[in-house]
Amino acid sequence: MRVPYGDTAVEVSLPDCDVTVAEPPGGDPVDPRDAAESAMADPHGPPLRERVDADDEVAIVVTDVTRATPDDVLLDLLVADLREAGVERDRIAVVVGLGLHRPMTDDELRTALGEYADLAENHDAEAAEVVAEVEGPDGERVPVELNPTVADADAVVSTGMVEPHQYAGFSGGAKTPVIGAGGESLIRYTHGPAMLAESGVRLGRTEGNPFRETLNRAGDRIGLDFCLNVTHGPAGILGASAGDHRAVVRDLAELCRRNISVPLSERYDAVVAGVGAPKDANLYQTTRAATYIALGDFDPLRSEARRASNASGRIVVPARLQEGAGEGTGERRFYDRLSGAESAEQLYEEMRRGYEPGAQRAFVVARVLREYDVFVTNSESPAVVEDCLMHARESVEDAIEPGSDVLVVPDALDTLLVSK
């Protein structure tokens, strides 16, 4: 078998194990430009050119290097529509929605944004300013902060990738500007232990999900005028949707869910979870594979068997980790929490009382590590893995005991395991 690794793949051979491969339907990939053009021609609500005036200052919030969004293509179409409305290029700003991730380099910006790289600025969460408040599910009023360029704009537009997300159900929509170009207040609230403990906050669910609903309300409050989002499966881009942010997410989440769900009923000793680029660049992003497997709709691991055998209850993730734990504020907080903990149980109980924005990934990883062992293989940063309560191995084969029942999920971030 071949499992994604960086921009390539690793060969995995488990001849002494009983192996099942979870292959989602996948769908038929489409050309991103053709799909986006069709979405722009038939948006939810008025087209972008009818939502702006010629003298408007327009901010377009795009995704960062952790998302495989064809932002250069989407910007082409958005800018063309703005120009049709009379908005000149010098009145358009592009803000990279980093959230608490690291800034993109100049080379990354040129690769991702093409001819629009000169319009781009990396978001700085510390510079965000309060523009509104939003009410959370518990009635608490939470400040909504925005990048100053976005806050000062007459019109706010965003790109996005609608893909499975541990908390929002699916990413994209309002998440790109209110989290990506937002400040710590909303991130702290939405990613805090109280919100993540809500029963509706789960992978693959958008309806009845208070995390997603809070983001949607924040999108309304900041005046998010127009979205152009895409979704993808293992084979590539599956479709695009444009217009009002709620409808865009609803469209693409359904399309994605249809093409990436795998029904299961059996339990396994170990799961091999593929990630690949861009998510396997650092441990912060790579651990999504483990949490998506263990905290999704269907947990395929034999947690009971783990107590009787050290061979069971393993999640094995091949990942390059050329950036180590990660370089952004959130990634550093993630590393500090895990590397400073005595055990997963101690860390989980400590973080239930609260934590700083960005550290939420350490919280959900600790939740998984209380039940299962996580092995990261083939990495360039094995010491970082070991620092973070996980196990480093040279290969997938080294992490799995002979005779194990193994589930291989080649693309763990583009696969939803559901109950049969």
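Guide: A crossing is left-handed if the near helix is turned anticlockwise from the far one by less than a right angle, and right-handed if clockwise. The crossing of H14 and H15 is of the left-handed kind. This is a predicted model in which local features need pLDDT of at least 70 and side-chain atom pairs count only at pLDDT 80 or more, while totals for chains, interfaces and linings use all residues. Residues are numbered from 1 along each chain as its sequence is written, and side-chain values use heavy atoms, with hydrogens and water left out.

Visitor: What makes H14 oblique to H15?

Guide: The axes of helix H14 (residues 344–351) and helix H15 (residues 360–369) cross at roughly 135° and come within 8 Å. That angle makes H14 oblique to H15, since under 35 degrees is roughly parallel, over 145 roughly antiparallel, 65 to 115 roughly perpendicular and the rest oblique. Axes are lines fitted to C-alpha atoms, for helices over the stretch in contact, with angles from 0 to 180 degrees between N-to-C directions. Helices (H or I, at least four residues) and strands (E, at least two) are DSSP runs numbered from the N terminus.

Visitor: Which residues make the contact of H14 and H15?

Guide: From H14 come Ala344, Leu347, Tyr348 and Met351, and from H15 come Ala362, Phe363, Ala366, Arg367 and Leu369; contact means heavy atoms within 4.5 Å. By class, eight are nonpolar, none polar and one charged. Nonpolar covers Ala, Val, Leu, Ile, Met, Phe, Trp, Tyr, Cys and Pro; charged covers Asp, Glu, Lys and Arg; the others, Gly among them, are polar.

Visitor: Why are H13 and H15 called oblique to each other?

Guide: The axes of helix H13 (residues 329–339) and H15 cross at roughly 40° and come within 7 Å. H13 and H15 are therefore oblique to each other. Phe334, Arg337 and Leu338 of H13 meet Arg361, Ala362 and Val365 of H15, a contact with four nonpolar, no polar and two charged residues.

Visitor: How many cavities of 30 Å³ or more are there?

Guide: The count is two. On a 1 Å grid over the protein atoms alone, a cavity is a set of points where a 1.4 Å probe fits but cannot get out, and lining residues have an atom within 4 Å of a point. The largest cavity holds about 370 Å³. It has 28 lining residues, with Arg67, Leu98, His101, Lys175 and Ile179 closest to its centre. By class, this lining has eight nonpolar, 15 polar and five charged residues.

Visitor: Which residues line the second largest cavity?

Guide: The lining is Arg67, Glu163, Pro164, His165, Lys279, Arg288, Tyr292 and Leu413, around a space of about 50 Å³. Three of these residues are nonpolar, one is polar and four are charged.

Visitor: How do you know that the peptide bond from Ala277 to Pro278 is cis?

Guide: Its omega is near 0°. Pro278 sits in the loop between strand E15 (270–273) and helix H10 (283–286).

Visitor: What is phi of Asn378?

Guide: Phi of Asn378 is near 60°, a positive value in a residue other than glycine. Most residues other than glycine have a negative phi, and most peptide bonds are trans. Asn378 lies in the loop between strand E17 (373–377) and helix H16 (382–387).

Notes. On a 1 Å grid over the protein atoms alone, a cavity is a set of points where a 1.4 Å probe fits but cannot get out, and a pocket is an open set with protein on both sides within 12 Å along at least five of seven lines; lining residues have an atom within 4 Å of a point. Grid points are joined across faces, edges and corners, and a volume is the space filled by probe spheres set on the points.
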